[in-house]
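Look over the sequence and the structure before reading on.

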Amino acid sequence: MKIRRSRIPSMAGIILVLAGIAGSRILWAQEGGPECPQGSAGLSGSLQIVGSSSMEKLARVLAEGFMEIYPDVSVNIQFTGTSAGMEAVAEGRADIGNVSRDLTEGERARGIVENRVGLDGIAVCVDSGNPVDSLTEEQLAGIYTGEITSWAWVGGEDIPIVTVGRETVSGTRSAFEGLLGIENRCTYANELDSTGAVMARVAATPGAIGYVSFDAVWGGTQGHTVKVLALDGVPPGAETVKSGDYPLCRPLSMVTKGELTSQNRLVTAWFDYVYGEEGRKAAEEAGVIKIPSKGNLHSEWQGEEDMR
């Protein structure tokens with residue numbers, strides 16, 4: 001998918017509402033955008049970004065803002081999944097990979113470097129007619145491993161549970177199963193290739209349950225109505241993720257082959273923008289819970305415990 005630079009009259013983005021939590025809003029590039037930084041006039045070329053569909057909104061809003069500053073640059077984005085993005089970067093077919101999980105040791109050994117840009121929660125959703133409001137982590141794990149097959153077993157109606165999830169290359173699936181400790185043990189009624197497809201299937205299927213990025217539920221762009229469940233009595237939201245009370249959260253990264261200091265001028269300019277003030281604002285408005293500031297990556301991200 002190619003993101004082309006466009007000039008759009010002033011337009012407020014979609015209001016994102018989450019049960020008492022302040023919403024977010026995407027602000028697309030507008031006429032008379034930010035001033036071009038020093039040296040921007042000479043920057044041109046094409047930036048290839050491949051990876052997670054969960055990071056679609058973040059990638060799009062960053063690309064629009066970046067191309068407003070650098071009008072001679074095109075940003076080409078493909079939403080093919082985390083693993084595909086990782087492979088494209090490792091093989092030199094992409095400059096940047098959008099990744100919605102932690103890297104494996106094998107991936108790090110191939111020279112892939114994790115540049116964290118934010119934090120995302122994974123929401124557990126059911127069809128809007130389901131009376132269940134909350135599950136425990138143990139119950140959720142039991143549902144996806146096939147040990148719990150009826151909603152009556154967890155306080156709901158006596159109808160079969162339809163487990164919906166992502167395909168095996170999905171970073172969201174990897175993070176979800178890893179956080180619950182059920183890797184390679186899940187039984188799925190449906191394995192779908194995008195966040196939007198999961199939302200649509202859950203919304204249209206009585207008894208269905210699925211997991212998606214926070215942004216997919218409250219981003220307002222999917223057009224599907226679902227009910228979001230609390231886990232262990234903790235409602236999902238930015239504050240409960242930051243506090244560590246909500247159990248399902250994962251890092252969002254833009255990976256490169258090698259350290260940022262070894263990248264070409266175009267990739268360097270991209271990360272300067274992402275970690276700069278404009279990029280941080282754009283990312284926060286796109287629903288990213290936290291994004292590190294330029295030059296403070298190590299102080300703001302203190303390992304896995306900081307992501308929880």
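## A buried arginine

At 8% relative accessibility, Arg 101 counts as buried; buried means under 20% relative accessible area, exposed means over 50%, and partly exposed lies in between (1.4 Å probe, protein chains only). Arg 101 lies in the loop that runs between strand 4 (96-99) and helix 3 (105-109). Helices (H or I, at least four residues) and strands (E, at least two) are DSSP runs, numbered from the N terminus.

The side chains of Arg 101 and Glu 107 are joined by a polar contact of 2.7 Å. A polar contact is a pair of N or O atoms within 3.5 Å; within protein, one must be able to donate a hydrogen and the other to accept it, and residues adjacent in sequence count only if both atoms are side-chain atoms. Leaving out residues up to four places away in sequence, Arg 101 touches several residues, among them Thr 82, Met 86, Glu 114 and Pro 251. Contact here means heavy atoms within 4.5 Å.

## About the model

This is a predicted model, in which local features need pLDDT of at least 70 and side-chain atom pairs count only at pLDDT 80 or more, while totals for chains, interfaces and linings use all residues. Residues are numbered from 1 along each chain as its sequence is written, and side-chain values use heavy atoms, with hydrogens and water left out.

## Helix 1

Helix 1 (residues 56-69) has 14 residues and spans 20 Å from its first C-alpha to its last, close to the 20 Å expected. The expected span is 1.5 Å times one less than the number of residues. Helix 1 is mostly covered, with 13 of its 14 residues buried.

## Salt bridges

The whole structure has 14 salt bridges, each a side-chain nitrogen of Lys or Arg within 4 Å of a carboxyl oxygen of Asp or Glu. One of them links Arg 93 and Glu 91, with the closest N and O atoms 2.8 Å apart. Arg 93 is exposed at 52% relative accessibility, and Glu 91 is partly exposed at 46%.

Glu 177 forms a salt bridge with Arg 173, at 3.0 Å between the closest N and O atoms. Because they are four residues apart in helix 5 (residues 171-180), about one helical turn separates them. Glu 177 is buried at 6%, and Arg 173 is buried at 11%.
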